[in-house]
Amino acid sequence: MLEQVLIEGYTFQEPGVLTLSFDKTIEIRISSEEAQQIVNQYVHMEISTQMHAEEPTFVIGDDTYWQVPIHLTFPAFGDVGKVGMLQVDPILGEIDTSQPEIIQTIIDNAEQLALRFTSAAAQPV
């Protein structure tokens with residue numbers, strides 16, 4: 001059962017009919033839940049325990065992977081927003097860490113988001 005297809009790199013210039021057909025066999029050994037757990041463990045161990053993984057999207061293209069959003073949370077506020085995404089191989093269950101700038105971007109985004117919430121909390125009422 002196909003629930004969602006993510007189309008990247010294609011712009012729809014005018015309204016019309018889009019016809020999709022797939023003739024691609026994809027082996028999936030890692031479920032969406034497992035991909036989410038893998039990313040949760042990674043971000044807790046390598047980045048911050050204040051982050052968590054959300055529900056992944058399965059991306060089919062030249063590469064096929066689970067795209068897992070990462071959110072920042074604060075005890076006083078709960079989930080405060082998305083700070084980035086990581087990709088998980090659907091066969092091996094490995095996170096793509098080949099581009100270290102992705103991890104740094106997640107950290108930078110989290111710091112910027114944290115500043116907004118700590119600044120708002122410090123404002124007098």
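Arg29 counts as exposed at 53% relative accessibility, where exposed means over 50% relative accessible area, buried under 20% and partly exposed in between, with a 1.4 Å probe and protein chains only. The side chain of Arg29 meets that of Glu27 in a salt bridge (2.6 Å, N to O), and Glu27 is partly exposed at 41%. This is a predicted model, in which local features need pLDDT of at least 70 and side-chain atom pairs count only at pLDDT 80 or more, while totals for chains, interfaces and linings use all residues. Residues are numbered from 1 along each chain as its sequence is written, and side-chain values use heavy atoms, with hydrogens and water left out.

**Salt bridge**
- A search of the whole structure finds one salt bridge, defined as a side-chain nitrogen of Lys or Arg within 4 Å of a carboxyl oxygen of Asp or Glu.

**Overall make-up**
- The protein has two helices and four strands, which are DSSP runs numbered from the N terminus (helices: H or I, at least four residues; strands: E, at least two).
- Along the sequence, the pattern is α-β-β-β-β-α.
- Of the 125 residues in the protein, 29% are buried.
- The accessible surface comes to about 8900 Å², and carbon and sulfur atoms hold 50% of that; the areas come from the Shrake-Rupley method with a 1.4 Å probe, and for residues only the protein chains shown count as cover.
- Among contacts (heavy atoms within 4.5 Å) with a separation of 6 or more, 46% are between residues 24 or more positions apart.

**Strands E3 and E4**
- Strand E4 (residues 78–88) runs antiparallel to E3, and nine bridges join the two; strands pair if DSSP finds at least two bridges between them.
- The hairpin from E3 to E4 passes through three residues.
- Leu72 is placed opposite Gly81 in E4.

**His71**
- His71 belongs to strand E3 (residues 64–74) and is buried, with a relative accessible area of 16%.
- The side chains of His71 and Asp79 make a polar contact at 3.0 Å; such a contact is a pair of N or O atoms within 3.5 Å, and within protein one must be able to donate a hydrogen and the other to accept it, with residues adjacent in sequence counting only if both atoms are side-chain atoms.
- Leaving aside neighbours within four places in sequence, the contacts of His71 include Gln50, His52, Gly81 and Val83.

**Arg116**
- Arg116 sits in helix H2 (residues 100–122) and is exposed, with a relative accessible area of 58%.
- Arg116 and Val80 are 36 residues apart in sequence, and their C-alpha atoms are 10.0 Å apart in space.
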